[in-house]
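Me: I am new to this structure and would like to go through it step by step. Could we begin with the overall picture and then turn to the details?

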Amino acid sequence: MSYSEIERQWTTRLRRRFVRLLPPEKLLPDNQPTYVSSWIYVFGVTTLSALMVVIASGCVLAIRGPQWWHTSSVGHFVNSLHLWSVEIFFFAMVVHLWGKYFMAAWRGGRSITWMTGVVTFLVSIATAFTGYVSQSNFDSQWIATQAKDGINATGAGAYFNVLNMGQMLMWHIVLLPLVAVLLTALHVLLVRVKGVVPPFEEQAKVSA
Amino acid sequence: MSKKNFRPDVDAEPWKGGYSPYDIVKEATIALVVVALLTVVLAVFFGSPDDPAITIKTWSNATPVDFAVTALSELNGTSGVAQYGAPYNTGSSGQALGPLKLAKWVGVRIPVNTVTDFVIDPLKALPDQPLLTQALKQWKNASPSTRTSWVTNYTKASSTMTFANRQIVVNATNVGPVPLFIDDLTQMAQSGALDQALVTQAGFYTTDYTLPLLFLADGSYLANQAARQHLTGDQWGMMNETGNYPGQAWLWLYTFWYQVAPFNSSGNGDVLVWGLMMALSAGLLLTPFIPGLRSIPRKTRVYRLIWREHYQNVEES
């Protein structure tokens, strides 16, 4: 194969474009601007860490099937890990979101980063909700029978039946986590491409 | 970009200041270990709730009259499901968001006929019941007006309904097979056979609990158990779960609207709350493009707390 043929390859072009957009030193930086020095930055990485624990504990629950945690003390403990990692995930995510709001983190061409974060938050709420209604216990019975009215009122209940445990479980363990993880990956990559938003320049006296 | 065209809530000058060493992999690893350990500690100390599911057997044995009254409401068309509308039936036009009748437009996609699905079909599944077989034949051969007359007469007398000697008793005349239906269905429920019949109507393998959950929700037993666990709508129940657990605390705003007018009193409350939450979510999503909303961070100056160290350095230099 000639040099020019390699140059014309889709693979070569895609790799070059990706590396130009996100060179290794941007993807895994060894330094950060000096303003990246606040406790608020911890909550982004905490959200990601909690997401990993959520997925890991969910995978363990999936191995033995949806009834296992009702009948096994080990299963119940894994369910507790799943529950509390979800609680940490949402706590960290909400603090991260408010922190980014008050930093106006969409500035400097970062609006898509902000929007992927918001959509990830909304998808995460839906993911957690489908988990609550597919627990197959009293909580899931009550939450599902109450939630159906809201969802049915929008017309969506015709296709998204919260009383159908099998359907909800599939959304919870396949469809929504897939979307949430892909959105999270995109969000993190966008943060790396654009960098962390700098502080407001207070000296500049300009109008909005 | 010239200073004149610079929009402080939209634009940000590239950073021209200093950089400090930052080990992102080390930070991520430490965060993961800390979060994992914290999760283990919380799981060990607090566990997670798992109250067993309520069955129709439990309900009908605990409060047989409530069960029988609910079964009658499925038969006479006054139950919540019978009058629900889409996606289950055409019992009502459903909720409307202004001129938008969203559920009605989508139509009946999960058909539920409360008479056949909750009463007649389950009774047909009972084996070796000559009297019941005769009663079902009588029901089948009767005209719609005769059936309505039987059910209406029984409903009128049902205020005196009692459960004695393991039987549902109502003193009523000209009611056809209705008393037998209600009594047999109650006994079927008490044996646990109705739970099974409602689940397996779609076949041997199923994970769809739409029918038994709708039947349970039509009675008052499930709601009474939920009220004891502070789970009803006016108890902020949508974000709670059984026991003293945080539940879905992130639904606080969604739950909040159900506590205040007009949402807590409107017949269209659900769709109004959903419409409002959709609008607020869109607002959050589009914040970077909404003048005023995107200026709040700059005007409130909360960012001074976040970048405290940075501004101290700027002021000192």
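Reply: To begin with burial, 31% of the 317 residues in chain B are buried. Please bear in mind that this is a predicted model.

Me: What share of the 208 residues in chain A is buried?

Reply: In chain A, buried residues make up 46% of the 208 residues.

Me: What about the radius of gyration of chain B, against a compact globule of 317 residues?

Reply: Such a globule would have a radius of gyration near 20 Å, whereas the value for chain B is 29 Å. Along the principal axes, the C-alpha atoms of chain B fill a box of roughly 95 × 50 × 35 Å.

Me: And what are the corresponding values for chain A?

Reply: Chain A has a radius of gyration of 22 Å, while a compact globule of 208 residues would have one near 17 Å. Its C-alpha atoms occupy a box of roughly 60 × 55 × 40 Å along the principal axes.

Me: How many of the contacts in chain A with a separation of 6 or more join residues 24 or more positions apart?

Reply: In chain A, 72% of those contacts are between residues 24 or more positions apart. For chain B, among contacts between residues at least 6 apart in sequence, 52% join residues at least 24 apart.

Me: Let us change topic. Which residues touch the most other members of the largest nonpolar core?

Reply: That core has 99 residues, and those touching the most other members are A:A50, A:F89, B:A71, B:F181, B:I182, B:L185 and B:L214. Helix α6 of chain A, residues 73–102, gives the largest share of this core, with 12 residues.

Me: What is A:F89 in contact with, leaving aside its neighbours within four places in sequence?

Reply: With those neighbours set aside, A:F89 contacts A:T47, A:A50, A:L51 and A:V54.

Me: Which residues does the second core include?

Reply: The second core is separate and has eight residues, including B:A86, B:A103, B:V273 and B:W274.

Me: Now to helix α1 of chain B. Which of its residues are buried?

Reply: The buried residues in α1(B) are B:A31, B:V35, B:T39 and B:A43. An α-helix has 3.6 residues a turn, so residues three or four places apart point the same way.

Me: How far does α1(B) reach, and what comes just after it?

Reply: Helix α1(B) spans residues 24–46, which is 23 residues, and reaches 32 Å from its first C-alpha to its last, close to the 33 Å expected at 1.5 Å a residue. Just after α1(B), B:G47 adopts a positive phi of about 60°.

Me: And α7 of chain B: which residues are buried there?

Reply: In α7(B), the buried residues are B:W150, B:Y154 and B:T155. They lie on the same side of α7(B), because they cover an arc of only 130° around the axis. Their cover includes α3 (64–76) and α8 (178–191) of chain B.

Me: What does the face turned away from that buried side carry?

Reply: That face of α7(B) carries the exposed residues B:S145 and B:K156.

Conventions:
Residues are numbered from 1 along each chain as its sequence is written. Chains are lettered from A and ligands numbered from 1 in the order in which they are written. This is a predicted model: local features need pLDDT of at least 70, side-chain atom pairs count only at pLDDT 80 or more; totals for chains, interfaces and linings use all residues. A residue is buried if 20 or more other C-beta atoms lie within 10 Å of its own, exposed if 12 or fewer, and partly exposed in between; C-beta atoms are placed from the backbone. Helices (H or I, at least four residues) and strands (E, at least two) are DSSP runs, numbered from the N terminus. The arc is that of the directions from the helix axis to the C-beta atoms. Two residues are in contact if their C-beta atoms, placed from the backbone, lie within 7 Å. A nonpolar core is a set of buried Ala, Val, Leu, Ile, Met, Phe, Trp, Tyr and Cys residues joined through C-beta atoms within 7 Å. The expected span of a helix is 1.5 Å times one less than its number of residues. The radius of gyration is taken over C-alpha atoms; the globule rule is 2.2 Å times the number of residues to the power 0.38.
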